[in-house]
Amino acid sequence: MATPAKVSAVEEITKDFQESAAAVLTEYRGLSVAQLKKLRRALGQDSKFSVVKNSLTAIAAKEAGVEAFDGQLAGPTAIAFIKGDAVAAAKSLTDFAKENKQLVIKTGYFEGKALDANEVAALAALESRELQLARVAGVLKAPMSAVARVLDALRIKLEEEGGAPAAASEAEAPAEAAEASEPAAAAAEEN
């Protein structure tokens with residue numbers, strides 16, 4: 001018979017699975033409480049690192065429709081439920097695992113797709129979301145910048161061409177006036 005505490009725990013884990021874009025299953029045997037606290041801080045506020053009971057997690061994963069952890073729930077298990085940037089969280093986990101060999105990344109899932117440990121490492125190797133968005137913005141901005149430069153160059157060229165004939169016209173006008181005044185001066189001399 002299921003106790004209310006176990007039912008509540010399954011409901012909480014199921015909710016965590018449903019609200020998360022990604023999750024990473026780890027084995028934490030040998031890590032101290034201080035090291036786990038450091039890992040939780042490294043993951044950030046958009047992630048939840050929970051030590052879980054294997055049998056309750058298996059039930060919750062089944063209820064949430066997550067099949068990535070089938071056959072992987074053995075030994076001391078903790079799951080990182082990632083609600084924010086999965087790349088940054090995976091990077092934090094893999095960096096921590098490199099420093100602390102006791103943390104073993106077993107498997108994971110990302111947007112409903114099962115990942116093995118190598119795929120979690122590949123996810124961590126991707127660029128951060130912010131950097132990817134900045135690159136997309138740069139790509140989108142480049143054509144607009146090019147159009148602005150072409151229009152500005154066209155404006156400058158038209159100003160230069162528009163100003164040159166006007167300057168030439170002004171230079172020709174005094175010369176024509178001087179030529180017109182020469183016959184007038186010659187006529188005045190004849191008189």
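**Note on salt bridges and nonpolar cores**

1. Lys48 and Glu12 form a salt bridge, their closest N and O atoms lying 3.0 Å apart; the term requires a side-chain nitrogen of Lys or Arg within 4 Å of a carboxyl oxygen of Asp or Glu. Lys48 belongs to strand β2 (residues 47-52) and Glu12 to helix α1 (residues 4-19), so this pair ties together parts that are 36 residues apart in sequence. Helices (H or I, at least four residues) and strands (E, at least two) are DSSP runs, numbered from the N terminus.

2. The model is predicted: local features need pLDDT of at least 70 and side-chain atom pairs count only at pLDDT 80 or more, while totals for chains, interfaces and linings use all residues. Residues are numbered from 1 along each chain as its sequence is written, and side-chain values use heavy atoms, with hydrogens and water left out.

3. The classes are buried (under 20% relative accessible area), exposed (over 50%) and partly exposed in between, with a 1.4 Å probe and protein chains only.

4. Over the whole structure, the search finds eight salt bridges. One of them joins Lys15 to Glu19, at 4.0 Å from N to O. These two residues are four apart in helix α1, about one helical turn. Lys15 is partly exposed at 49%, and Glu19 is partly exposed at 41%.

5. Another bridge pairs Arg155 with Asp152, at 2.5 Å from N to O. Both residues lie in helix α6 (residues 129-190), three residues apart, or about one turn of the helix. Arg155 is partly exposed at 40% relative accessibility, as is Asp152 at 34%. Elsewhere, salt bridges with shared partners join Glu12, Asp16 and Lys48 into one network.

6. The largest nonpolar core contains 24 residues, and those with the most contacts inside it are Val24, Leu39, Leu43, Phe49, Leu93 and Leu103. Such a core is a set of buried Ala, Val, Leu, Ile, Met, Phe, Trp, Tyr and Cys residues joined through side-chain atoms within 4.5 Å. At least two of its residues come from each of β1 (22-27), α2 (33-43), β3 (77-82), α4 (86-99) and α5 (117-125). Helix α4 gives the most, seven residues.

7. Leu39 touches Phe49, Leu93, Phe96 and Leu103, leaving aside residues up to four places away in sequence; contact means heavy atoms within 4.5 Å.
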